[in-house]
Structure formats: C-alpha cells, structure tokens
Amino acid sequence: MSHICYLLFCIYQTLQIISFLAYLKYERGITGPHLVVVPLSVMSSWSNEFKRWCPSIRVVRYHGPLAERRRLQKDEARFGQFDVILTTYEMIVGDEDFFRWKFVWRYLIVDEAHRLKVKCNSNKCFSAPPSFSFTVVLTNIFVALFLISE
C-alpha cells in the first residue's frame, strides 16, 4: 500500500524534497528510482536546485521533442544510471508506457499537485504510475487535498 505525505504551503518545499532524497540516498541507502513531476514553469528551478544543493544526486531531466525523449530513454534513463527523473505532467501523459511499466518507483513526488485537476481533459489525464512505494504531494492550496482524492 502506498503512503501519501502532503506538504502544504512551505516556502522551501523544493529544498525540503532535495534534502529528503539526499537523506534517503546517504543515510538510508535508498537510491531510487524516484519520479519528480513538476509544472514546466518550475522545471528549470528544480533542476538548478538539485545541482546547487546536492549535485551528487543523479538527475535526468526528461523533457523535449520525441527524438530527445527516446534518446533519454535509451541512454540516460536506465535502471541504476540515475536517482531521480525530473519531468512534467505533459511528459507523463505523452510517454505513459515508459513511466508506467519501465520502473518500480520508490517515491512519486508531485509539485503543485492542486493543478492536477486542471490538467485533466476529455482525452488524456495525468495518472500516477502503478508501481511506487510512497507519494509526496506538494501543494499551496488546502482545498487540493479534497480534489486529489476524488
């Protein structure tokens, strides 16, 4: 059974998550794979903060045109070659088979989770990979707790 942790309106949510993943890797020996799903608007910030605060965590930034994503799947996103895949909601929907069946994720971390409800449309909707141990949901809106569970 998966456990869900909600972090509400924390100014330093990104740094808290990076610190948590570093703790898992260096104190608990849990290297991943972890999946961090963020809006495109903050993807560069997340990537920069990983480099700044814990450059030894191996992060694959999974985004771009189809050819680039296929290259990432083949060359960089192989089990044991990374600790974290950093991606967006749109990439999860677009490459659903890769995210759903390729790995058994340790942690699924979703930033700005209150936007998940908005990302749903009649054709495709963000859906979490079936194989993950724990979930951390970052949100700035308390009401989102009720929306996520629907």
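Where is the place of Gly64? Gly64 sits in the loop between strand 3 and helix 3. I'll come back to that loop. One caution before we go on: this is a predicted model.

Let me start with the overall layout. The protein has seven helices and six strands. Along the sequence, the pattern reads β-α-β-α-β-α-β-α-α-β-α-β-α. There are 150 residues in the protein, and 43% of them are buried. Now the contacts. Take those with a separation of 6 or more: residues 24 or more positions apart account for 78% of them.

Next, a helix pair. Helix 1 covers residues 13-26, and helix 2 covers residues 40-53. They pack at an angle of about 50°, and their axes are 10 Å apart. Parallel, perpendicular or oblique? An angle of 65 to 115 degrees would count as roughly perpendicular, and one under 35 as roughly parallel. Helix 1 and helix 2 are therefore oblique to each other. What is the hand of the crossing of helix 1 and helix 2? That crossing is right-handed.

Which residues meet there? From helix 1, we have Thr14, Leu15, Ile17, Ile18 and Leu21. From helix 2, we have Trp46, Glu49, Phe50 and Trp53. By class, this contact has seven nonpolar residues, one polar and one charged.

Between helix 1 and strand 2 there is a loop, and Pro33 lies in it. Strand 2 itself is 34-38. Look at the peptide bond from Gly32 to Pro33. Cis or trans? That bond is cis, with omega near 10°. As background, most peptide bonds are trans.

Now the aromatics. How many aromatic pairs does the structure hold? The count is 10. I'll show two of them. Tyr62 and Phe99 make an edge-to-face pair. Their centres are 5.0 Å apart, with 80° between the planes. Why does this pair tie together separate parts of the sequence? Tyr62 lies in strand 3, residues 59-62, and Phe99 lies in helix 5, residues 96-101, so the pair links parts that are 37 residues apart in sequence. Tyr62 and Phe99 are both buried.

The second pair is Phe98 with Phe99. This one is edge-to-face too, at 5.1 Å centre to centre and 75° between the planes. Phe98 has 8% relative accessibility, so it counts as buried. For Phe99 the relative accessible area is 1%, so Phe99 is buried as well.

Step back from the single pairs. Ring pairs link a cluster: Tyr62, Phe82, Phe98, Phe99, Phe103 and Trp105.

Met91 lies in helix 4, residues 89-94. Buried or exposed? Buried is the answer, because its relative accessibility is 11% and the cut-off is under 20%. Which residues does Met91 touch, beyond those up to four places away in sequence? They are Tyr62, His63, Gly64, Arg69 and Phe99. Met91 also has a distance worth noting to Pro65. The two are 26 residues apart in sequence, and C-alpha to C-alpha they are 10.0 Å apart.

That brings us back to Gly64. With the same exclusion of residues up to four places away, Gly64 touches Arg69 and Met91. Gly64 and Thr87 are 23 residues apart in sequence, and their C-alpha atoms are 9.8 Å apart.

Stay in helix 4 for one more residue, Ile92. Its relative accessible area is 3%, so Ile92 is buried. Ile92 and Val37 are 55 residues apart along the chain. Their C-alpha atoms are separated by 8.1 Å.

Last stop: Gln81. Gln81 lies in the loop between helix 3, 66-76, and strand 4, 84-88. At 44% relative accessibility, Gln81 counts as partly exposed, because that class runs between 20% and 50%. What does Gln81 contact, leaving aside neighbours within four places in sequence? Arg58 and Glu76. Gln81 and Val59 are 22 residues apart along the chain, with 9.3 Å between their C-alpha atoms.

That's the tour. Happy to take questions.

Key: Residues numbered from 1 in each chain as written. Predicted model: local features only at pLDDT ≥ 70, side-chain atom pairs only at ≥ 80, totals over all residues. Heavy atoms only, no water. Helix = DSSP H or I, 4+ residues; strand = E, 2+ residues; numbered from the N terminus. Buried < 20%, exposed > 50% of the residue type's maximum accessible area, 1.4 Å probe, protein only. Contact = heavy atoms within 4.5 Å. Axes fitted to C-alpha atoms, helices over the stretch in contact; angles between N-to-C directions. Parallel < 35°, antiparallel > 145°, perpendicular 65-115°, else oblique. Left-handed = near helix turned anticlockwise from the far one by under 90°. Nonpolar A, V, L, I, M, F, W, Y, C, P; charged D, E, K, R; others polar. Phe/Tyr/Trp six-rings, centres within 6.5 Å; stacked < 30°, edge-to-face > 60°.
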